[in-house]
Each structure stands twice: as C-alpha cells, then as structure tokens.
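This report is meant for a reader who is meeting the structure for the first time. Please look through the sequence and the structure before reading on.

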Amino acid sequence: MDIVKIRPLKIEDYNGLKTCMVRAYTQMPEAFWKEYQISNLLGIFPEGQLVVTLNEQIVGCALSIIVRYERFGDNHTYREITGNFTFVTHAPEGDTLYGIDVFVDPDFRGRRLGRRLYDARKELCERLNLSGIVFGGRIPNYHEHAKELSPRAYIEKVKNKELQDPTLNFQLSNDFHVRKVLRGYLLGDEESKEFATLLRWDNIYYTPAKPKADNISKSVVRLGLVQWQMRLYRTVEELFEQMEYFVDAVSAYRSDFALFPEFFNAPLMALHAELPEGEAIRALAEYTERIRDKFAGLALRYNINIISGSMPLLRDGQLYNVGYLCRRDGSIEQYEKLHVTPDEVKCWGLKGGNSLRTFDTDCGKIGILICYDVEFPELPRLLAEEGMNILFVPFLTDTQNAFSRVQLCARARAIENECFVAIAGSVGNLPKVHNMDIQYAQSAVFTPCDFAFPVNGIKAEATPNTEMLVVADVDLELLHDLRHSGSVRNLKDRRADLYGINFHIEKREEKDVPVSVPIFDDNMA
C-alpha cells in the first residue's frame with residue numbers, strides 16, 4: 001500500500017527536492033531552487049515550506065512566505081514580491097501567505113497530491129490567522145491563443161470550460177479566484193507571454209488582531225553608540241564600573257541597543273605591560289568570559305540589547321577576535337571577526353573566524369561585523385540577503401586614514417544593502433599598552449541615500465576624538481518603503497542571472513548562483 005505524507009521540508013531533503021523540481025519543470029531545466037535559497041527559506045519561515053512524499057520519496061513541494069500585502073498591492077512582479085529571490089520581503093507580522101512555488105513530479109500527477117499541498121497551505125493560513133493566500137499563476141497554454149484572445153478573454157473562456165488550461169483549471173477547482181491579470185509578472189515566461197493570473201483564497205476564519213501596547217512590532221528603533229575613552233584601569237572591576245555607567249546612560253534614553261567598540265577592554269593589557277604583545281593580549285583573553293557575563297547581566301538589569309564590541313578569545317590554542325550579542329531577554333550569542341589585518345597577525349597572532357549570520361532580536365534582524373570586515377562588501381550583502389535591517393560595526397582605528405576606510409566603507413554598505421549602519425570606536429591614548437598607543441574615532445549612524453533619509457546619508461555622528469554617546473532613532477518602515485518604491489532599488493535590481501556570492505562554510509558552490517528562476521504555483525495538476 002502506498003503511503004502519502006505531507007510534512008515540513010528539511011535541508012537534508014534538498015537533493016530529492018531538486019530532482020523533483022527538475023522533473024516538474026522540464027521546459028526550463030535550469031529553473032530550480034538552489035540549496036542556499038532553500039536554506040534561507042527554512043531559516044526565516046520553516047513552517048511555510050512543505051513537501052509531499054510517496055513511500056518516503058519526495059514527489060511534490062510547496063514554498064511560501066508571509067508578506068504585508070498592503071506594501072505590494074495587486075500590482076507587483078515575482079521579483080518584487082520575493083525581494084529579487086532573496087525573500088527579504090518575508091514579514092512574520094504580515095497578514096497574507098504568499099505562494100512562492102508549488103510543483104509535483106509529473107510521474108505522480110493525477111493522485112491529488114497538488115490538492116493535498118494546497119489544503120496543507122490553507123490549514124497553515126488558518127492556524128497562523130492570516131487573511132488569505134495569494135500567488136501569481138502562469139497561464140502556460142495562453143501562447144496558443146494569444147493572437148486571437150486577450151488574457152482576459154482567455155481566462156473567461158477557461159472559466160466557462162470553453163478552453164482547457166490545466167494550471168488555471170486546477171487553481172479554480174481549489175477555491176482560488178482570479179483578482180486580476182498581471183503583466184510582466186515573470187520575465188521570460190514565453191508560454192504565458194509574461195502574463196499571470198493573480199489568485200487569492202480568503203480565510204473565512206481570519207480575525208484581525210487588535211494590537212496591544214506591548215505586542216506591537218517596533219518600527220522605530222533607538223540606537224545608543226558608545227564612543228569609548230581609553231583610560232587605564234587598576235582592576236577589572238573599574239572597567240565594569242565604566243561599562244555600567246554607559247549602559248545606564250544609554251538605557252536612560254530608552255535605547256533598544258547599546259554598541260561598544262572593538263577591543264574596548266584593551267586598557268587591561270596595561271596590567272601585563274611587562275609581557276610581549278602576543279602574550280599580553282592572551283592575558284587579556286582571560287577576562288573575556290567575565291566581561292561577557294557582566295554585559296549579560298547589564299542587558300537584563302537595564303532592559304537593553306548590548307553589542308559588546310569585541311574581545312580576544314582563546315579557542316583550541318588559537319586566538320580569535322569575538323564579541324557577544326547580549327539580548328535583554330537574557331540570551332547570548334557570539335559573533336567573530338573573519339578578516340584580520342596584517343598588523344593583528346604580526347603583533348598578536350590573531351586568526352580569522354568562520355561564522356557569519358544574522359541575529360534575531362526584538363527589533364528585527366541585525367548583522368554585526370567587526371571593523372575590517374566591513375571593508376569586504378560580500379559580507380554585508382550575504383547578511384542583507386538574510387533580511388538584515390541594521391548592521392552594527394564595532395571598530396578600533398589608530399589614525400584618521402584607517403578610520404576613513406571604515407567610515408567610507410560603512411556608508412557604502414548602507415546604500416548598497418538598503419540598511420542602517422552603526423559604527424562605534426574608541427578615542428584617547430594608552431601609553432602603557434604596546435600596539436594600542438593612539439586611537440581615532442568618530443562614531444556614527446549611516447542611512448541609505450534617498451528622499452526619506454538625510455541627503456548625505458548620515459543620521460547622527462559624534463564629535464571626533466571625544467568621549468561621548470550618540471543616540472539616534474532609525475525607522476525600519478523607511479527601509480521597507482525604499483526597497484519597494486525607492487528612487488533606486490539596489491537589492492531588487494541586482495542581476496542574479498549574471499552573478500552571485502556564496503558563503504563556502506555553508507558549502508554554497510559557485511555553480512549554485514541562480515541562472516534562471518523557477519516558474520511558480522502551476523506544475524501540480
């Protein structure tokens with residue numbers, strides 16, 4: 001007896017999923033989802049990705065995201081609704097389930113597997129209390145009638161059973177109704193002449209949520225940047241006092257984040273001034289866990305998310321430059337510097353880390369890159385593809401030209417990734433600490449450059465080389481609007497058909513750069 005199951009998609013299913021999709025889209029052999037795209041979907045919305053199996057073999061799949069439909073309305077393209085296939089448009093607080101793809105292996109059609117996937121989607125929509133399901137559907141037989149029929153006339157004839165279109169017939173039989181005809185929905189779809197039907201299923205059980213004061217998704221996020229004065233401390237407890245002073249001050253302004261600089265704890269190396277540079281920084285690493293735990297306690301006590309700058313960490317005999325995101329709910333996550341400068345290698349023997357990812361917070365997804373890493377545009381782009389809205393950059397620079405590299409690259413990252421970028425550095429001198437003698441910094445918050453933002457892309461900045469705080473509000477709604485209706489749309493307008501970037505630690509291969517795009521919600525009948 002055959003056993004049919006609908007279950008959540010797992011990344012381990014990828015090879016079977018790819019085989020099924022290639023078979024479903026024989027007319028477009030390169031139109032299959034790449035492993036990193038599936039991994040991205042599973043990372044942002046695992047419950048929305050479903051497969052149907054027959055005797056444990058994957059024979060069909062349904063992929064979806066949640067969107068705030070009013071941002072797009074009924075006039076959109078597939079590229080727009082998916083954020084240029086990056087899915088940055090997924091909004092957990094949205095109101096509509098958007099169908100990204102549904103397909104069934106042609107050898108297993110006629111067994112109502114597509115109907116099962118649609119029913120599972122409807123159940124998910126009801127369970128999540130979403131208003132309905134929307135997607136753009138191809139009309140693959142239209143090219144046979146395009147000379148004598150408009151798309152509207154063709155759809156009417158299909159509805160009236162005068163013509164057969166297996167895709168549209170199937171969708172109508174599953175209680176979807178056509179809202180309108182979309183022109184240019186999927187570029188290159190010759191069979192549909194680049195037309196698509198905008199289809200919708202309404203959830204009759206949908207109840208609009210009444211927003212509660214403590215449950216409203218934050219749109220305006222307040223950032224607190226600590227421009228830290230390097231001064232000598234006799235004990236680690238004195239360092240803790242200064243840390244708490246700034247956390248208290250930033251929290252008093254009801255900030256959501258406090259950002260500390262890279263190696264802000266370097267003054268403690270003066271306690272080991274008799275040691276060579278390489279040994280002194282390893283002695284500094286002995287304080288890292290205590291400082292991390294202190295920040296974690298401060299985050300809870302002052303109700304603020306703290307980005308701890310960075311500190312040295314010994315791991316398996318190697319020295320790394322790491323920091324910690326200490327959330328105000330008590331959770332802690334580590335980030336690390338991937339690129340180390342020639343001087344850091346020469347003087348300290350630092351090693352570059354391997355971990356790159358976004359972090360979920362109560363203010364949305366953020367990214368954190370330490371100093372030199374922001375000078376490599378590939379890293380923020382990978383984070384942007386995961387939905388990053390704010391990039392935090394703790395840095396340490398000794399001269400003005402070194403600072404300019406960090407500052408100018410950070411400003412560029414804000415424009416090209418359509419995100420906010422906050423940088424925080426240290427000022428002052430440390431005469432008793434080798435390789436840390438002088439500091440230069442001007443902490444700042446940078447924005448994209450469009451009409452809704454400052455004309456020069458600078459939201460706020462500190463006085464150079466002065467100990468102080470920078471407190472600034474950033475509005476995430478402005479980023480959403482920019483990505484969908486800005487003067488230019490850097491994320492959407494990238495030519496993913498020509499180039500792409502991959503993070504090799506996650507085993508993304510260069511050949512996985514998308515060449516063409518799958519055709520969606522149609523190969524099921």
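## Strand S4 and its neighbours

Strand S3 (residues 57-67) pairs with S4 in the antiparallel sense over 8 bridges, where two strands pair if DSSP finds at least two bridges between them, and helices (H or I, at least four residues) and strands (E, at least two) are DSSP runs numbered from the N terminus. Within S4, Tyr98 is the bridge partner of Ile65. The model is predicted, with local features needing pLDDT of at least 70 and side-chain atom pairs pLDDT 80 or more, while totals for chains, interfaces and linings use all residues. Residues are numbered from 1 along each chain as its sequence is written, and side-chain values use heavy atoms, leaving out hydrogens and water.

Strand S4 (residues 96-104) is mostly covered, since 9 of its 9 residues are buried (under 20% relative accessible area, with a 1.4 Å probe and protein chains only). S4 also pairs with strand S5 (residues 132-138), in the parallel sense and over 3 bridges, and Gly132 in S5 is the bridge partner of Thr96.

## Aromatic pairs

The structure holds 23 aromatic pairs, counted for rings of Phe, Tyr and Trp (its six-membered ring) whose centres lie within 6.5 Å. Tyr118 and Phe135 form one that is tilted, at 5.9 Å centre to centre with 35 degrees between the planes, where planes under 30 degrees apart count as stacked, over 60 as edge-to-face and the rest as tilted. This pair links distant parts of the chain, with Tyr118 in helix H4 and Phe135 in strand S5, 17 residues apart. Both Tyr118 and Phe135 are buried.

Methods:
Buried < 20%, exposed > 50% of the residue type's maximum accessible area, 1.4 Å probe, protein only.
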